[in-house]
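Work through the exercises below with the sequence and the model side by side. Try each task before you read its solution.

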Amino acid sequence: MATNDSVNILNSAYLAVEYIDSFLPDNPLQQPFKNAWNYMLDNYTKFQIATWGSLIVHEASYFLLCIPGFVFQFIPYMQKYKIQQDKPETWEKQWKCFKTLLFNHFFIQLPLICGTYYFTEYFNIPYEWEQMPRWYVLLAQCFGCAVIEDAWHYFLHRLLHHKRIYKYIHKVHHEFVSPFGMQAEYAHPLETLILGTGFFIGIVVFCNHVILLWAWVICRLMETIDVHSGYDVPLNPLHLVPFYAGARFHDFHHMNFIGNYASTFTWWDRIFGTDSQFIAYKEKEKKQQLMTKKAN
């Protein structure tokens with residue numbers, strides 16, 4: 001009975017969104033996007049699309065999303081939003097990070113990306129425009145992928161902090177006490193494989209079109225680069241996502257090394273009490289701010 005009720009609720013929600021969508025104006029970008037998509041299908045093989053298309057989406061999204069945080073370090077006005085203001089970025093650290101990223105992207109992630117075509121063939125994942133899911137279905141699928149990845153990341157990330165294995169793998173990612181956006185995928189190759197597995201679980205569960213692969217890549221990169229940015233910028237649209245952790249939450253993890261293990265949401269840390277030090281830290285900050293106001 002409970003299962004049927006849940007299905008009915010989901011169907012009702014889907015119909016409600018579909019009804020609202022029918023009243024929305026046509027997206028002016030839809031036709032150009034359709035033309036570009038069909039041009040891609042007509043001129044490239046599925047292997048080329050799945051492999052090189054996925055690589056281009058990943059690389060372009062990663063470094064474009066890193067640009068705002070990179071530029072912020074040169075804007076004095078933005079420094080008031082930097083979380084750890086006493087630890088500015090340095091060219092030396094950023095260059096070291098960039099070189100490691102290139103190695104991880106092309107020698108660890110690219111071989112995995114090469115399996116994308118075989119994945120889509122094995123599960124008969126379509127590429128055609130006519131079978132592409134609507135925007136709200138795609139959004140819901142990305143959210144589902146995020147929930148799954150977040151659970152995997154919390155438990156495996158917490159395991160990587162175990163004192164017997166921390167120094168061999170996860171310590172690489174913690175070289176930067178004050179993180180910056182480009183450092184999001186700066187990690188030991190084994191960590192890239194271990195934590196990266198969580199990215200693919202949601203794809204296996206939800207993928208019904210190759211577009212989800214690319215949409216989920218963009219969403220995941222947007223999230224991980226944001227939480228590693230080192231800046232808590234107001235009016236961040238990601239803060240509208242329920243239970244979203246954000247930059248301040250993850251920045252504390254780099255600063256403190258203990259707690260705040262989840263990648264995207266706050267619920268696992270709240271359930272297991274691994275956010276207790278972060279909560280105490282925030283309370284201490286509030287008291288200091290009150291004392292400063294009273295002194296002024």
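## Exercise 1: a residue and its core

Find the residues that I203 touches beyond its sequence neighbours.

Solution. Leave out residues up to four places away in sequence; I203 then touches F119, C145, L212, L213 and W216. Contact here means heavy atoms within 4.5 Å. This is a predicted model, where local features need pLDDT of at least 70, side-chain atom pairs count only at pLDDT 80 or more, and totals for chains, interfaces and linings use all residues. Residues are numbered from 1 along each chain as its sequence is written, and side-chain values use heavy atoms, with hydrogens and water left out.

Along with W37 and Y62, I203 is among the residues with the most contacts inside the largest nonpolar core, which has 37 residues. Such a core is a set of buried Ala, Val, Leu, Ile, Met, Phe, Trp, Tyr and Cys residues joined through side-chain atoms within 4.5 Å. Helices that each supply at least two residues of this core include helix 2 (30-43), helix 3 (46-72) and helix 7 (189-206). Helix 8 gives the most, with ten residues. Helices are DSSP runs (H or I, at least four residues), numbered from the N terminus.

## Exercise 2: a covered helix

How many of the eleven residues of helix 9 are buried?

Solution. Take residues 246-256: eight of the eleven are buried. Buried means under 20% relative accessible area, with a 1.4 Å probe and protein chains only. Among them are F249, H250, F252 and H253. Now look for the cover: it includes helix 6, helix 8, helix 10 (267-272) and helix 11 (276-295). Just after helix 9, F257 takes a positive phi of about 75 degrees.

## Exercise 3: a loop serine

Is S178 buried or exposed?

Solution. Start in the loop between helix 6 and helix 7, where S178 is found. S178 counts as buried because its relative accessibility is 11%. Its side chain reaches the backbone oxygen of K87 at 3.5 Å. Not counting residues up to four places away in sequence, S178 touches K82, Q84 and K87.

## Exercise 4: the largest pocket

Which residues lie closest to the centre of the largest pocket?

Solution. Begin with the space: about 820 Å³ lies in this pocket. Of its 36 lining residues, Q109, E185, T192, G196 and F199 are the closest to the centre. Then sort the lining by class: 16 nonpolar, 15 polar and five charged residues.

Note on methods:
Buried means under 20% relative accessible area, exposed over 50%, partly exposed in between (1.4 Å probe, protein chains only). A polar contact is a pair of N or O atoms within 3.5 Å; within protein, one must be able to donate a hydrogen and the other to accept it, and residues adjacent in sequence count only if both atoms are side-chain atoms. On a 1 Å grid over the protein atoms alone, a cavity is a set of points where a 1.4 Å probe fits but cannot get out, and a pocket is an open set with protein on both sides within 12 Å along at least five of seven lines; lining residues have an atom within 4 Å of a point. Grid points are joined across faces, edges and corners, and a volume is the space filled by probe spheres set on the points. Ala, Val, Leu, Ile, Met, Phe, Trp, Tyr, Cys and Pro count as nonpolar, Asp, Glu, Lys and Arg as charged, and the others, Gly among them, as polar.
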